[in-house]
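This report describes one protein chain, from its overall build to single residues. Please view the sequence and the model side by side while reading.

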Amino acid sequence: MDQKERMLAGLPYKAWMDGLTEERNQNKMRIYRYNQLSPAQREEQDGLIREILGSCGESIFIETPFHCDYGYNIEAGNNFYANYNLTILDVGKVVIGENVMVAPNVSIYTAGHPIHPDSRNSGYEYGIGVTIGDNVWIGGNTVVNPGVHIGDNAVIGSGSVVTKDIPANAIAAGNPCKVLRYITDEDRKYYFKDREFDVEDYNEGVLDMNDL
């Protein structure tokens, strides 16, 4: 295996060998162009983000600035929206489901380094994939660490550090992030804490991110 193959296999690898530096630099140029586009250039933004990501759904929008290492290791489902300053270290695969919403200043890390200083100073690092299910909402200033799986319909509270898997339908928060409770049908009628919707169409259909 060369170093890229080792990286993609989740094995210890050296990030400056076998063309990996060149691939990161090429993606940095694409990211730079994306972040410099005017808000009026929505069509250009959409085209370029599809060049950056490995795959994505029909409806996707990532606010600028956005940063990632390679881009091709990120798969995003339909109706993905990320607010300002999303950072994804996609050394490992990052798979994001459908109807996922990400608040500002969220970081998703698949990259890591050995704990022992002698091993760490060798230059070896690793990438362990992250999976985010359908209908997930990740609150602002959250960090998602390598190897984490976030289940369908989960809500991650702002400021969380997610170090372990979060089950489906859970509301979880904290450092380290822990389940606070599970979402129930009773939650459907509320838009914030104990405030009930005063409209009737709040649960009809799915928002198309292209309409934002």
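**Overall build**

The structure is a predicted model. Its secondary structure amounts to four helices and 22 strands. The radius of gyration of the protein chain is 18 Å, close to the 17 Å that the globule rule gives for 212 residues, so the chain is as compact as a globular protein of that length. Along the principal axes, the C-alpha atoms fill a box of roughly 60 × 40 × 25 Å. Of the 212 residues in the protein chain, 37% are buried. Among contacts between residues at least 6 apart in sequence, 28% join residues at least 24 apart.

**Nonpolar cores**

The largest nonpolar core has 37 residues, and the members that touch the most others are Ile62, Phe66, Phe80, Leu86 and Ile150. Helix H3 (residues 42–52) gives the most to this core, with three residues. Another core lies apart from it and consists of six residues, including Met7, Tyr13, Tyr70 and Val91.

**An open sheet**

Strands S1, S12 and S11 form an open sheet of three strands in the order S1-S12-S11, with antiparallel pairing. Strand S1 (13–14) and strand S11 (111–112) are the edge strands, and each pairs on one side only. S1 and strand S12 (residues 124–127) run antiparallel and are joined by two bridges. Lysine 14 has tyrosine 124 in S12 as its bridge partner.

**Aromatic contacts**

Five aromatic pairs are present in the structure.

**Backbone features**

Most residues other than glycine have a negative phi, and most peptide bonds are trans. The table lists residues that depart from this pattern.

| Residue | Backbone feature | Value |
|---|---|---|
| Proline 65 | cis peptide bond with threonine 64 | omega about 0 degrees |
| Proline 176 | cis peptide bond with asparagine 175 | omega about 0 degrees |
| Asparagine 105 | positive phi | about 60 degrees |
| Asparagine 169 | positive phi | about 65 degrees |

Where do these residues lie? Proline 65 is in the loop between strand S3 (60–62) and strand S4 (66–68). Proline 176 is placed in the loop between strand S19 (170–173) and strand S20 (178–182). Asparagine 105 lies in the loop between strand S9 (101–102) and strand S10 (107–109), and asparagine 169 lies in the loop between strand S18 (161–162) and S19. Asparagine 105 is partly exposed, with a relative accessible area of 34%. Asparagine 169 is partly exposed as well, with a relative accessible area of 32%.

Key
Residues are numbered from 1 along each chain as its sequence is written. This is a predicted model: local features need pLDDT of at least 70, side-chain atom pairs count only at pLDDT 80 or more; totals for chains, interfaces and linings use all residues. Side-chain values use heavy atoms; hydrogens and water are left out. A nonpolar core is a set of buried Ala, Val, Leu, Ile, Met, Phe, Trp, Tyr and Cys residues joined through side-chain atoms within 4.5 Å. Buried means under 20% relative accessible area, exposed over 50%, partly exposed in between (1.4 Å probe, protein chains only). Rings of Phe, Tyr and Trp (its six-membered ring) pair if their centres lie within 6.5 Å; planes under 30 degrees apart count as stacked, over 60 as edge-to-face and the rest as tilted. Two strands pair if DSSP finds at least two bridges between them. The radius of gyration is taken over C-alpha atoms; the globule rule is 2.2 Å times the number of residues to the power 0.38. Contact means heavy atoms within 4.5 Å.
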